[in-house]
Amino acid sequence: KDLDYIKGKILHAKMSLHDWSTYNEDLKTIKNEIKNKKKTIYPFAHMSLIDDPEQQKIITELYLENNNLTPSKVNINLKNKKIIIGYFSAEFHNHAVMHLMLDVFKNHNKSEFKIYGFSIGPKKDEWTKKVKVYFDEFIDVSYMSDTEIKSLSKKLKLDIAINLTGHTFNARNSIFFNQVAPKQVNYLGYPGTMGSKFYDYIIADKIVIPEENKKYFSEEVIYLPNCYQANQEKIEVSNKKLNKKDFGLPQDKFIFGCFNNSYKITPLIFKSWMNILKDYESSVLWLLQDQKLGKQNLWEEAEKQEVNKERIIFAERLPAKEHLKRIELIDLFLDTFPYNAHTTASEAIRAGVPILTLKGKSFPSRVASSILINIGLENLIVSNLKDYETKAISLAKNYKEIESLKNHLAQEKNLSKLFDSKVFTKDLEKIYKKIIN
């Protein structure tokens, strides 16, 4: 019992440092234990390793001890003049979910909706201050018990409770086993099923959860018309003049880049990257990694695959505004698989950088595809590693094509489906009304 999940935790930690010394054996063990219904890996860690929505559902259900509880039916209070929404999140601070959702909180139609922010996370910062003002009330419930949160929700007469954290860091999913609102919704913070009958809906789009995958979700799938990902209309980017030299990037080489979290880089995708570099000598790969050991491991891996380690350049973490500015220096963003760039994908698009993505079967492996389809760049989506390598090489060798992609991204009208946050909020509100009615 004490050792539940230990193998998955160890593997996830190793992935963050690119320690792949026993990767194949570790993965094989985990797959066998999943077959034998053992609690071996957390749902979130599983997503970055295995592209299998059915398996995802199985391990998520196994992860929930409370699955034998039955939701109590709570009726919607039709006397409420406005629809009352509670947003529950551990990320009301400098965090991807917070950056994505900010404009939704800001744009909500306050004549029809009353919105409460329930903060369940330990962190507070300048972003917390910034977001607080958009709620009718912002409540720190991180120190309250589940029962106290339930009675507070009842007092506030919530119609809909939105879980923005899901099975990720600092989650408090037990809150929802208490039925804090008549309708409970899984949205945005976690790209998969909650695996529990306590959630009525998951909000998605037809690309991240196609019709044939609905069966892998314990929630009813409800679709937004465009990309499921909320976004800010405008974000603050540094106005510093940053150039390649500032980051140790060569002036005269093609810059492939990937600023995804390190645990998303699998040995398989890295091997493809090395094949791409070998084929196109006049290029480098720019990655995000600030751990000494992580860098060392990747350099060794590159040399093993006969790529000069000097062609792998590492970016340190930077304040958000400068980070967003330096993305512009990438010529082509190479996406990871099976866990794509999500927030980072829309940041790259905003910076005018095209993304090459491999579309899989599971929700996390289809997010970049959803973004690309919504901005008219479906030609950057491939379905296997061979095509991924071929496409990357042909784009690098044909800079005119890269320039035309960048021109496409420079035109605001092409990006409106992704960044028009007012239209997005209205679409989301339509869903809330549909849920209530």
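The legends below describe close-up views of a predicted model.

View A. Lys157 lies in the loop that runs between α7 (146–155) and β4 (160–163), and with a relative accessibility of 45% it counts as partly exposed.

**View B. The salt bridge between Glu322 and Lys240.** The structure holds 17 salt bridges, and in one of them the side chains of Glu322 and Lys240 meet at 3.1 Å, N to O. This pair links distant parts of the chain, since Glu322 belongs to helix α11 (residues 320–326) whereas Lys240 sits in the loop between β7 (220–223) and β8 (254–258), 82 residues apart. Lys240 is partly exposed, its relative accessible area being 43%.

**View C. The salt bridge between Glu281 and Arg311.** The two side chains meet at 3.5 Å, N to O, and they join the loop between α9 (267–279) and β9 (283–288), which carries Glu281, to the loop between α10 (292–304) and β10 (312–315), which carries Arg311. Glu281 counts as exposed at 55% relative accessibility, whereas Arg311, at 11%, counts as buried.

**View D. The salt bridge between Glu316 and Lys295.** Here the N to O distance is 2.7 Å, and the partners, 21 residues apart, are Glu316 in the loop between β10 and α11 and Lys295 in helix α10. Glu316 is partly exposed at 41% relative accessibility, while Lys295 is buried at 15%.

**View E. Helix α17.** This helix of 16 residues (421–436) reaches 23 Å from its first C-alpha to its last, close to the expected 22 Å. Its buried residues include Phe424, Leu428, Ile431 and Ile435.

How values were computed
Residues are numbered from 1 along each chain as its sequence is written. This is a predicted model: local features need pLDDT of at least 70, side-chain atom pairs count only at pLDDT 80 or more; totals for chains, interfaces and linings use all residues. Side-chain values use heavy atoms; hydrogens and water are left out. Helices (H or I, at least four residues) and strands (E, at least two) are DSSP runs, numbered from the N terminus. Buried means under 20% relative accessible area, exposed over 50%, partly exposed in between (1.4 Å probe, protein chains only). The expected span of a helix is 1.5 Å times one less than its number of residues. A salt bridge is a side-chain nitrogen of Lys or Arg within 4 Å of a carboxyl oxygen of Asp or Glu.
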